[in-house]
Amino acid sequence: MPKKNQTLGEFIIENQSDFPYSSGELSRLINSIRLAAKVVNHEVNKAGLVDIIGAYGETNVQGEDQQKLDVYANNKFIQTLTNREIVCGIASEENDDFIQIEGHKGDHQNKYVVLMDPLDGSSNIDVNVSVGTIFSIYRRVTPMGTPVQLEDFLQPGNRQVAAGYIIYGTSTMLVYTTGHGVNGFTLNPALGSWYLSHPDMKFPENGQIYSINEGNYVHFPQGVKDYIKYCQEEKGDRPYTSRYIGSMVSDIHRNMIKGGIFMYPKSSKASDGKLRLLYECNPMAYLTEQAGGKASDGFKRILDIKPTELHQRVPFFCGSKKMVEKAEEFMKKAEYGSQSQPFSFSSK
Ligand SMILES: O=P(O)(O)OC[C@H]1O[C@](O)(COP(=O)(O)O)[C@@H](O)[C@@H]1O
Ligand SMILES: [Mg+2]
Ligand SMILES: [Mg+2]
C-alpha cells in the first residue's frame, strides 16, 4: 500500500517488486518524465512574464495552430528522453511522424516507445487556465537491435505498460499508472520534489458532473443530445452540474476526484470527434480503468481499438462507470433503437 507523503523517487524504488523481471528501464523512463515535467512546469509558471505565451506561428500536422509552449514542451520531453537514452522511439501530437532513437552506440537496444501530447489544452495558456501533459508507454513489438517501425506505435491501448499525465494547475501534479492502480504526486516547487498526495486514486462509481462542449450541441448525434437532456432533467439526483474547462486533463482530473463524465463525441462537423486516440484517449482510458472508471467511444472499449494511423481521432466518453454506461445506453438506443425506453424526456 503506497504511503502518503513518500517521494516519487522512494515510491518508484519501493514498487520495483511489481516488475520482478524488469531491468529498471521503466523506472528510469518515469524518472526522466518527472524531470522534464519540472522544467516545463517552471516555464508554464512564468507564462505572462516572459515571451512564452501566444502563437508560435505554425500549424501542426493536424492543422491546429501551435502555441509557443506546445513547441517548448514538445522539445523538452523529446530532448530529455533522447539524451538519457531510455527509449527507442517517440511519437508526439506535435510531430508529423514518429522519431527513431538509435542510442549513442547505434544499437537500438532500448525497449520502450513513448507517445505523448506534450501540452494538452494549450489554447488555455494565454488565459492562465490549467493545462497538462499526457504520456503513454509501450514495449516495442519489432525485434530489439533494429530501428523502431510504425507498428511499434500502432498498438491497442490494452498493451500499454504505463500511462500518466501532469496537470499544471493551482498546484502541479503527476498522476500515473503502471497497471497497479493510479497514484498522484504533488510537486513541492520550493524543494523540486514530488510527494505522494493522492494514493490509489479511484473514480467514484457514479457522479453528478458532465463535461462536454455544449456549444457544439446542434452538431451532436441524437444519442448525445438525449443523454445531455437526461443530465439536465430534474429527477432523482439530477440535474447534474455542467463543468467544462476545455483542457481534457483538467476536466478528467476533476471528475476522477469528484465523480463525473467527460465527453468529446463525433459531430456533424468532425466525423471522429477531435481527440487523438494514441496521445490523449488511450492513456486517459488506461488511467480511468485503473481508477475503476470506464472509457468508451460510445459503443465499445477505447483500449480495444486497433489503431490504423498515428494521428487517428476517436469519439471519447470517459469517467465514472455508471455514467459512461448510461451515456452508452443512450448512444445505442439512438443508433440501433430499443424496446426499452430508458428515458422519456423530449430531446427536441
Ligand atoms: O475547444 P474544444 O473543441 O471544446 O476542445 C477542447 C479539447 O481539445 C483539447 O484541448 C485538445 O488538446 P490540445 O491542446 O493538445 O490540442 C482537449 O484538451 C480539450 O478537451
Ligand atoms: Mg490534447
Ligand atoms: Mg497538445
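You're looking at a predicted model, in which local features need pLDDT of at least 70, side-chain atom pairs count only at pLDDT 80 or more, and totals for chains, interfaces and linings use all residues. Residues are numbered from 1 along each chain as its sequence is written, with chains lettered from A and ligands numbered from 1 in the order in which they are written.

To find that pair, select residues 222–232 for helix 5 and 321–336 for helix 8 (helices are DSSP runs of H or I, at least four residues; strands are runs of E, at least two; both are numbered from the N terminus). Their axes come within 8 Å and cross at roughly 135° (lines fitted to C-alpha atoms over the stretch in contact, with angles from 0 to 180 degrees between N-to-C directions). That makes helix 5 oblique to helix 8 (under 35 degrees is roughly parallel, over 145 roughly antiparallel, 65 to 115 roughly perpendicular, the rest oblique). Among the residues making the contact are Tyr227 and Tyr230 of helix 5 and Phe330 and Met331 of helix 8 (contact: C-beta atoms, placed from the backbone, within 7 Å).

Next, pick residues 25–45 and 68–83, which are helix 2 and helix 3. Here the axes come within 9 Å and cross at roughly 155°, so helix 2 is roughly antiparallel to helix 3. This crossing is right-handed too. Show Leu35, Val39 and Val40 in helix 2, then Leu69, Phe77 and Leu81 in helix 3: they're among the residues that meet here.

Now zoom out and colour 8–198 as domain 1 and 209–336 as domain 2 (bounds from an automatic or database domain assignment). Their centres, taken over C-alpha atoms, are 24 Å apart. Where they touch, 35 residues of domain 1 are in contact with 28 of domain 2.

Last stop: ligand 1. It has 11 residues around it, and Asp120, Gly121, Ser122, Asn213 and Met248 come nearest (near: C-beta atom, placed from the backbone, within 6 Å). Keep your domain colours on, since the shell draws at least three residues from each of domain 1 and domain 2.

Terms used: Contact = placed C-beta atoms within 7 Å. Left-handed = near helix turned anticlockwise from the far one by under 90°.
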